[in-house]
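Let's walk through a structure together, one feature at a time. Please have the viewer open as we go.

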There are 4 protein chains.
Amino acid sequence: MIRFECDYATGAHPKVLDKLVETNLEECPGYGVDEHCQRAAALLKELCQAPEANVHFLVGGTQTNTTVIAAALRPHQGAVCAHTGHINVHETGAIEATGHKVLTIPGKDGKITAQQIADLCQAHYDDPSVEHTVQPGMVYLSHPTELGTLYTRAELEEIRKVADRYRLTVFVDGARLVYGLAAGDVTLDNLARLTDVFYLGGTKAGTLFGEAVVITNEALNSDFRYAIKQHGGMLAKGRLLGVQFEALLEDGLYEEIGKKAVAQAMRLRDAFLSKGCPMLFPSPTNQLFPVLPDRVLQSLEDKYSCCFWEKTDEDHTAVRFCTTWSTQDEDIDALIHDLNAL
Amino acid sequence: MIRFECDYATGAHPKVLDKLVETNLEECPGYGVDEHCQRAAALLKELCQAPEANVHFLVGGTQTNTTVIAAALRPHQGAVCAHTGHINVHETGAIEATGHKVLTIPGKDGKITAQQIADLCQAHYDDPSVEHTVQPGMVYLSHPTELGTLYTRAELEEIRKVADRYRLTVFVDGARLVYGLAAGDVTLDNLARLTDVFYLGGTKAGTLFGEAVVITNEALNSDFRYAIKQHGGMLAKGRLLGVQFEALLEDGLYEEIGKKAVAQAMRLRDAFLSKGCPMLFPSPTNQLFPVLPDRVLQSLEDKYSCCFWEKTDEDHTAVRFCTTWSTQDEDIDALIHDLNAL
Amino acid sequence: MIRFECDYATGAHPKVLDKLVETNLEECPGYGVDEHCQRAAALLKELCQAPEANVHFLVGGTQTNTTVIAAALRPHQGAVCAHTGHINVHETGAIEATGHKVLTIPGKDGKITAQQIADLCQAHYDDPSVEHTVQPGMVYLSHPTELGTLYTRAELEEIRKVADRYRLTVFVDGARLVYGLAAGDVTLDNLARLTDVFYLGGTKAGTLFGEAVVITNEALNSDFRYAIKQHGGMLAKGRLLGVQFEALLEDGLYEEIGKKAVAQAMRLRDAFLSKGCPMLFPSPTNQLFPVLPDRVLQSLEDKYSCCFWEKTDEDHTAVRFCTTWSTQDEDIDALIHDLNAL
Amino acid sequence: MIRFECDYATGAHPKVLDKLVETNLEECPGYGVDEHCQRAAALLKELCQAPEANVHFLVGGTQTNTTVIAAALRPHQGAVCAHTGHINVHETGAIEATGHKVLTIPGKDGKITAQQIADLCQAHYDDPSVEHTVQPGMVYLSHPTELGTLYTRAELEEIRKVADRYRLTVFVDGARLVYGLAAGDVTLDNLARLTDVFYLGGTKAGTLFGEAVVITNEALNSDFRYAIKQHGGMLAKGRLLGVQFEALLEDGLYEEIGKKAVAQAMRLRDAFLSKGCPMLFPSPTNQLFPVLPDRVLQSLEDKYSCCFWEKTDEDHTAVRFCTTWSTQDEDIDALIHDLNAL
């Protein structure tokens, strides 16, 4: 079976694993204050061109989202996001468990617009019973979105303006950011400039686990280590996060991983399109959502795994194919070959 | 510098690391439902002689404590523990952040007694304004305690009886359990029988990270995976936990690690005692708390690191020395030699 | 100015106020265990034909909703409701502040159907990542709804069946229940039989404040007084609640209030309809939502107050008119007269 | 039976009740923005000599404590208080239910000192694992304390200095403040100057219910109405709070009530002391804690009710006697007479 159903099925990229093995017997202080964490943080701040930023390393995505949102919001505030946003759908109510409502906007292909955010805020402040409703306090964006799509730099600039007008923290969930950096026009330094906080995900990009959080908003950063500890994100052997992100960030490994997986995905996309299979969402990144005739899907299933998304009509099914650091070019070749042979 | 200040300064035991390397390219389903997790769970249930138990793997200790306590208690209930209990002191209020008060009892050497627990519960139910106060809903014990001491099997039997009388969940935090198993009379099957839930810690015992939770209370176990996800403990590459615990549990590696580190600690203890340095707490496990004349401490500090605990008088200081899987016998030899030479 | 904008603009019904004055100097035990509370509870249980039920008195609606929902749900569960449900819109995230997500269904005229609830639950349990999403644990219904509409007995029977199938607590918010009892086919004993918990609101029905909660689910009732205290709902002078509900429940005062206000509203509705002003929602209770030409609205505004609801087109506005215990028949006469004169 | 067991056994002071009756049919906007609330707020700000302060009215004490503390603290912070503090003991974990730990200091007669607070804070910031522990964010004082004792103005000045040094919000719970104003040297304007937020309790001082919160810290005040609503404290008929506090504050009724009850209590105290019955706590306010020989207690119990506090030895019991607005001088006379006759 050749697997395309997710981007976290294998372990770590060999360069990441090697570095873990190499440093295994080093004795380091715990909880993320070691030299590996410091060096990884310095590398990331440099890539962000943000010397004043602060970098923290957490273990996983839900944990990171929860920690950031709980630290950023006051109790009567909520986080605005697309209805498809990860925090709204797939975190078992982790945000609400910290006391905050998720305020949803109907997204288009996983994205929301500056105008929609402004409208939601304006409607809130126009309500004569304003204090009976949850105050928007943050805008949460995923980049790439859960549907593989990307914001443009111009769109982020607009969202930043609206956020400033309505005093919203801007938080970008970058669980798959390496693929976004490889495909769109948004760079790390754009994110550092246009958000209050964002993260670069390791788990889906070649580390065993780990998310690198970049905070440029000083008020949010103050006491952030207390928040990490309270949310269970302060790894005793914190050096594991530093070591892995050193490997990912030095010598451009994160870029290499992102570019290769996106190129593979685009080859696959073109193959589907040329067979007349449209995409459910216009994803330019490592997640593809082709709509396949059921007989095509059945003939592929013996050899290739993908992830069921939804039935689009009686005879067609949308599925998700993912590429990642461990995807082999030969596997893409094989799938394209078999597709063309159908 | 020879380091004794904590038991999480190095990476993973070589056998654990080897297994991570070996399995790195395997493609596994995510979130802890893979074959490695299943095999590790089976091994642990067998060691516990508890075929009906359920085993879950989480990443860290604070996360595990929070997840278990929030899942076990109703909103008006609190967790009873020693005032030195980890959940009361060193988790940045993580338990309270889930809505629950920690109800403290003055411990002796880190331990609380069945009688103290019964007294606290009885005082609660005798209060005419009973519903104005937090209902005890759980007893939280650390084994070994934060001060290295151990409960006896007989003590746990008594606590179980009190817990049954007052309908308390019994939860044992086993962050350092491998050292407790090596030193006391409490076995894994005792724990499975006498608690509702306990965990065997990996982080301080040879894995990179990870805690293996054993739940024997069926009501608590139902929907526990939702709780793990909500608290950010469901690792995408969950297989990493399974793989590491397989290595730790098969061929008795966890026992070997525990015994060796405890033997090293006992040699060190005897050396301190024979030099007239008493122990602040009577720990039979891998954490020692010698009270040293300050001039002794100063003369050791150039070569050996330990952890400041407290000043006991003007000229004496209590410190903590830890051994762990990576502690070398030669380092113990050297320290004993230098001690004797003073 | 004749006021129709809400149903809580005046104080208490004279019979309620008289009883407060009469009993003012009685010395009673605090916190709701006095004889007035006991008698009011007995009256309500009798009206519900539910001798085994438990009755508790709380101060306000948001408090009651929060207390009940937090007591009923486990941490990974959410409350299902119409998107217009009070807990979703107008409680400043109070439910989320207790840790629970509100799971919304698009309502029709404020109501949701058994089938919609079943579909939401089925979709949850069919999801292969079931534990990554919030488990539906309760269905919350308002009766009357926020839009004045009512469930029929048959609809509640269907919802009860779905709730049993998916193990949902059924909770009915009866902030305006006296008006629902006066207008539809659902009786107090139906509610006691078909829900796990519901409440009869006093605030909008003739008391100064107070909500009477009826719990028929024994597990939910256990320790409910702890929940009331924790959520700030245990009034020191709890007798005030007992006294007011005695007045409301004895001699059928609650029925009298409900019937009169509903009759007034229906007269008003007919007057609007006969002038060609349709209703935005088909409310048979004390809240009306006529859609008025803006010139009609302007000519009424000098003399009558109502509540803006929404612009329906360029020239028309939907507004809310409420009747309540203190609405005078002469005021209805005057408004109808002025309407007809337009 | 003549009752002294608590200060909330009767309804409202006649002047308060009269004003409720008088204004009963007025039509007011809901939720505390009516003219009565405005006038009561203006009266209180004038008494506090704090024209810039903000005044909010809530229903009860637990609700007020919860609302203020949750609004003031960031998630990783806790509230420092005496171990006897109401929020630590008698609110069913309501503070923890909002996510915050209560950090206790052993009190003396219910009070804590500036030095103790400073020591706790300093120990926190000196801890090398500072972010593993809860950050002190507020000091909570009761005045009078739960044991009837009072802070002096000088003590509050010292506490304010410490609070400024460690960036703590100062919050004074004034559930029984009218009795404190009548007995000590702390005035309303002192409180407005030395705290960030305090409240003047109505429930135990002549209203049916209600607490008037005075906030001088602008950051805390911003969006405070959202917090009130979220915590269920925004009464629909908010005018009830305004009306009652108007009655209490105009013409010095609160002072009259406080002085009379304190004078009665002091007469009673002198009578106990002259019979050789010492006080368990040196309360100068309306709560007395005499230690009585059990035979004295038994001979009083037929005619006078009081509240059991604790057994002090085999033959003696400490009890609580309270006076309040409705205590009759003749009842005090009778008790003193009977005491002297023993």
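What follows is a conversation about reading the chains, sheets and contacts of this model.

Q: Before I look at anything, what kind of model is this, and which residues count for local features?
A: This is a predicted model, in which local features need pLDDT of at least 70 and side-chain atom pairs count only at pLDDT 80 or more, while totals for chains, interfaces and linings use all residues. Residues are numbered from 1 along each chain as its sequence is written, and chains are lettered from A and ligands numbered from 1 in the order in which they are written.

Q: What is the mean pLDDT of chain A?
A: pLDDT is the predictor's confidence in each residue, from 0 to 100. For chain A the mean is 97, and 100% of its residues reach 70 or more. For the complex, the predictor gives an ipTM of 0.97 and a pTM of 0.97.

Q: How does the radius of gyration of chain A fit a compact globule?
A: The radius is taken over C-alpha atoms, and the globule rule is 2.2 Å times the number of residues to the power 0.38. Chain A has 342 residues, so a compact globule would come out near 20 Å; the 21 Å of chain A agrees with that. Along the principal axes, its C-alpha atoms fill a box of roughly 60 × 60 × 35 Å.

Q: How many helices and strands does chain A have?
A: Elements here are DSSP runs numbered from the N terminus: helices are H or I with at least four residues, strands are E with at least two. Chain A comes to 15 helices and 13 strands.

Q: In what order do the strands of the open sheet in chain D lie?
A: Strands pair if DSSP finds at least two bridges between them. In chain D, 7 strands form an open sheet with mixed pairing, in the order S2-S8-S7-S6-S5-S3-S4. Its edge strands, each pairing on one side only, are S2 (54–58) and S4 (102–105) of chain D. From one strand to the next the twist averages 25°; for such angles, axes are lines fitted to C-alpha atoms, for helices over the stretch in contact, and the values run from 0 to 180 degrees between N-to-C directions.

Q: Which strand of chain D pairs with S5 in the parallel sense, and which helix lies across S5?
A: S5 (residues 135–142) and S6 (residues 169–173) of chain D pair in the parallel sense over 5 bridges. Helix H6 (residues 114–126) of chain D lies across S3 (77–82), S4 and S5 of chain D, at about 165° to S5(D).

Q: Which strands of chain C are joined to S13?
A: Strand S13 (residues 316–322) of chain C runs antiparallel to S9 (residues 287–288), with 2 bridges. Leu288(C) stands opposite Phe321(C) there. S10 (residues 291–293) of chain C is also antiparallel to S13(C), with 3 bridges, and Pro293(C) stands opposite His316(C). S12 (residues 307–313) of chain C joins S13(C) through 5 antiparallel bridges, with Glu310(C) opposite Ala318(C). S12(C) and S13(C) form a hairpin with 2 residues between them.

Q: How many residues does chain D give to its contact with chain C?
A: Two residues are in contact if their C-beta atoms, placed from the backbone, lie within 7 Å. Chain D gives 38 residues and chain C gives 37 residues. On chain D, the elements that give two or more residues are H1 (14–22), H3 (61–72), H5 (94–97) and H11 (224–230). That side of chain D has 18 nonpolar, 16 polar and 4 charged residues; here Ala, Val, Leu, Ile, Met, Phe, Trp, Tyr, Cys and Pro count as nonpolar, Asp, Glu, Lys and Arg as charged, and the others, Gly among them, as polar.

Q: Which elements of chain D touch chain A with two or more residues?
A: The contact takes 15 residues from chain D and 15 residues from chain A. H3 and H11 of chain D are the elements that give two or more residues, and H11(D) has the largest share, 5 residues. By class, this side of chain D has 5 nonpolar, 5 polar and 5 charged residues.

Q: What rotation superposes chain D on chain A?
A: Copies are superposed by least squares on the C-alpha atoms of residues with pLDDT of at least 70 in both. A rotation of 180° with 0.0 Å of shift along its axis superposes chain D on chain A, with RMSD 0.0 Å. That is the relation of a two-fold axis. In chain D, the C-alpha nearest the axis belongs to Arg74(D), 3.9 Å from it. The same surface serves both copies, as 100% of the contact residues of chain D recur in chain A.
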